[in-house]
Amino acid sequence: MSQTGDDRGPATAAFEPEPDAPAAPTAAPRAASGAPTAATGGEGGIGALLASVQFRRLWLGQIFSQLADKFYIVLMVFLIAQYWVTDNPANPALVDAAAAIRIDLETRAQVITLMATGIYVANTIPAILLGTVAGVWADRWPKRKVMVASNALRSGLLLLAPLCLLPGPVWLGLSWGYWALVGMTFLESVLTQFFAPAEQAMLPLLVPSGQLLAANSVYQATSMAATIVGFAVGDPVLRLLQKGLAQVGIPGGEFVLLPLCYGLAAVAIAGIALEEPVRIPRAISVWEEIGEGVQVLRERRSVRAAMIQLVLLYSLLAALYVLAISLAATIETLGPTGFGILLAASGVGLALGAGPDHDPGGHPRGPTGQGVRPAEQPDQHRPQPAAGAGRGGGEPLRPAAGALGPGGDRRTNRPARTTLAALLAFPIECGWRSVAQIAWLGKKSPFCGNVIYGLSTTESLRRRGHAVHFIHFDTPAAPLGAPLGRAEGGSPQAVAVRAGGGELEPEVTLSYLVKSQVYTIPSPGAQRELRESLERIRPDLVHASLTLSPLDFRLPDLCQQLGLPLVATFHPAFDASLRNLSAGTQQLTYQLYAPSLARFDRVIVFSELQAELLERLGVRRERLAVIPNGVDTDLWSPAPRAPGPVLSDLRRRYAGRRVFLFMGRITTEKNLEALLKAWRLVRPAGCVLLIVGDGPLRASLQNPGEPDVEWWGFEASLERRIALLQLAEVFLLPSLVEGLSLALLEAMAAGTACVATDAGADGEVLEGGAGIVISTQGVTTQLRTLLPVLREQPVLTAELGRRARARAIERYTLTRNIDALEQLYTDLIRSPVVA
């Protein structure tokens, strides 16, 4: 029953000045999804990965480029030793300059070490000063072009190196050619800063997310191998080229190697067939985006700790480079230029020493160093099924493959990791994020907030490299006597679908009897289909965006039997004060679900009010995670100065009229009846009320004879929905119950002034001046007062729109939402679940 305005409640709005909100943090630059050319399946094996021609080209480019990086260091020391340091320690000018900084130059090795240190410093400064900026720019530019240009420019730059041997002026006792090499090293390092992030961001564009873990492992293994091989063979190869080409009358053969390697890298990468999607220009500057990264370091201790570890690691490596020259000089068979052998040997020792890591009790350690339960030890947190408790009565239960492997972890379904494997996966597990295999159970139709949540979240997770398998009800139940939603071979139907217009991802469809926006009734065989799908996918965890289905209540038992962590997102709207009939109905839903939710490992809710409600109903607080909805604030943004054709067409259509907008389902809980009653009482001159959406109450509420009320209907086009919000001056949401309205967050991100009731979490979203909050009681009366004010005060609506946008960026970005979700996944996968 809709509120009609009999109960009066005051409208509240705070208009005190509020400082501009900072941009929300981002974990890392996002790689746009591109059309893949690798295998389309979700298998993550290295064999399937190397079957991709495009990945092999990228890999070949990486091999040549990283070998060239190591050869470069060896070449610089080689040139210093061959051309600028004689058997005498140094000339007096250099000795005096070194003495000024309290460095003794008594031997040839000390002079070489000092000059090589200058090269190392020039190589390191760009990484410190430009690494972050270059990474942001590389994320905004086409990845392949950045990589090709970087290698081509480095190749051309090294072609100029022989000029440094020409005679010329001397400064601080050293030839101009040495200082030219220092400058060349600086420029080479600048170009490398653009190449490296573009190379890593290229992987998700070429590789299906199911193979991304293998791709990152190959990437890291290649990097380690390049360190070993490059330093080991650098000096011998340079000498061989120098002598070999000299015998045929070509001097300077040592200068051929690096331009050749960088050039081959550019050619290999240029051959990659990839059409990168057009990146939507960000509304923030490069420096603001860097500020977002700094904010991540402040807020996420794990990321901050990883960055500190990386800084310490690279500092130690730089010191090792310098010490290796002095140490090699003391070895008669090596000499200073043979320092690469020592660095290569250290890399070999690191690889050979990477055996299984055990705790004192003999149990293999997981990635976090905590003991992993051996296979024969029962899981203390998940009850184990009795023998014979399988699907067919007498058939033993089959755990997910890999769940009981030797030395494995039943909770994570992954074998115990060796130190080497942990090193190979370092950027994944210790850097910006942890890659996970996620089985997502949700909705793709009919259109509703749950659908938007599921699609936007899974697409964002895929963009960050996670393998997401979307399981949903999309197969009507077969007639009696026919298999229920089965493909050939008796397995659930699995198809390949495009994720965000890019790479192919597996999708599993389950059979159903009835499906609507609110609830789903699965077919009798749906649970069996789900179980077999999970056994085949072997995920790290299951995330259920609950569809108000009887299958929701079976998920805890099913996942406990399979040893899978289980996360739920609980969507039903609510009004904690129970001020109306709709709120009472939703309360019954919460009471019905609470006992089952108490058995999930984590339950995601959108606000503290929702968490408090579930806690009162018996769900333990440590199982609840408050992660508000988020929207892409780059996509949902205020109207640009140069509007596109859709927005321009809408502006012409509504020229001379101010647009008030409702967007949502036309149902009882949305309370559109109260809004229409207030509008019809006021009839604000020069304004039009757009009602975008559809639902069961439309026929009874619609009056065709109203020129200032336009029933738009359901709008499927994302571009047009964005344009409608950019066009609207005021967004109105008179709901009786809510969770956390995505439509409200989208309107805020678009810079539209917002008026909403305090139902659910919507009041929290707008509190403090980000919008106008009204009570769910007396909606008609309050809107009747507010509509003329909003009509007469365009300055007020503009300010409210600005504050709404700032609030969305501050608290409700999709980036922040996914950051929190990734952290939750990491905690569940690595740590024991709550008992």
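Student: What should I know before I start?

Tutor: Residues are numbered from 1 along each chain as its sequence is written. Because the model is predicted, local features need pLDDT of at least 70 and side-chain atom pairs count only at pLDDT 80 or more, while totals for chains, interfaces and linings use all residues; side-chain values use heavy atoms, with hydrogens and water left out.

Student: How many helices and strands does the chain have?

Tutor: Helices (H or I, at least four residues) and strands (E, at least two) are DSSP runs, numbered from the N terminus. Here there are 27 helices and 20 strands.

Student: What share of the residues is buried?

Tutor: Buried means under 20% relative accessible area, exposed over 50%, and partly exposed in between, with a 1.4 Å probe and protein chains only. Of the 835 residues in the chain, 51% are buried.

Student: Is strand 16 mostly covered or mostly open?

Tutor: Mostly covered: strand 16 spans residues 687–692, and six of its six residues are buried. Cys 687, Leu 689 and Ile 691 point one way, Val 688, Leu 690 and Val 692 point the other way, and all are buried.

Student: Which strands pair with strand 16?

Tutor: Two strands pair if DSSP finds at least two bridges between them. Strand 15 (residues 658–663) pairs with strand 16 in the parallel sense over six bridges, and Met 663 has Val 692 as its bridge partner. Strand 17 (residues 709–713) also pairs with strand 16 in the parallel sense, over four bridges; there, Leu 690 stands opposite Glu 710.

Student: Which residues form the nonpolar patch on the surface?

Tutor: Like charges are joined within 9 Å, and nonpolar side chains (Val, Leu, Ile, Met, Phe, Trp, Tyr) within 5 Å. Areas come from the Shrake-Rupley method with a 1.4 Å probe, and for residues only the protein chains shown count as cover. In this model, Val 121, Ile 125, Ile 128, Leu 129, Leu 130, Phe 186 and Leu 187 form the patch, with about 620 Å² of accessible area together.

Student: Which helix gives the most to the patch?

Tutor: Helix 4, with five residues. Helix 4 (108–140) and helix 6 (176–206) each supply at least two. Val 121 lies in helix 4 and is partly exposed, with a relative accessible area of 42%.

Note on methods: Patches are made of residues with over 30% relative accessible area and no salt bridge: like charges are joined within 9 Å, nonpolar side chains (Val, Leu, Ile, Met, Phe, Trp, Tyr) within 5 Å. A salt bridge is a side-chain nitrogen of Lys or Arg within 4 Å of a carboxyl oxygen of Asp or Glu.
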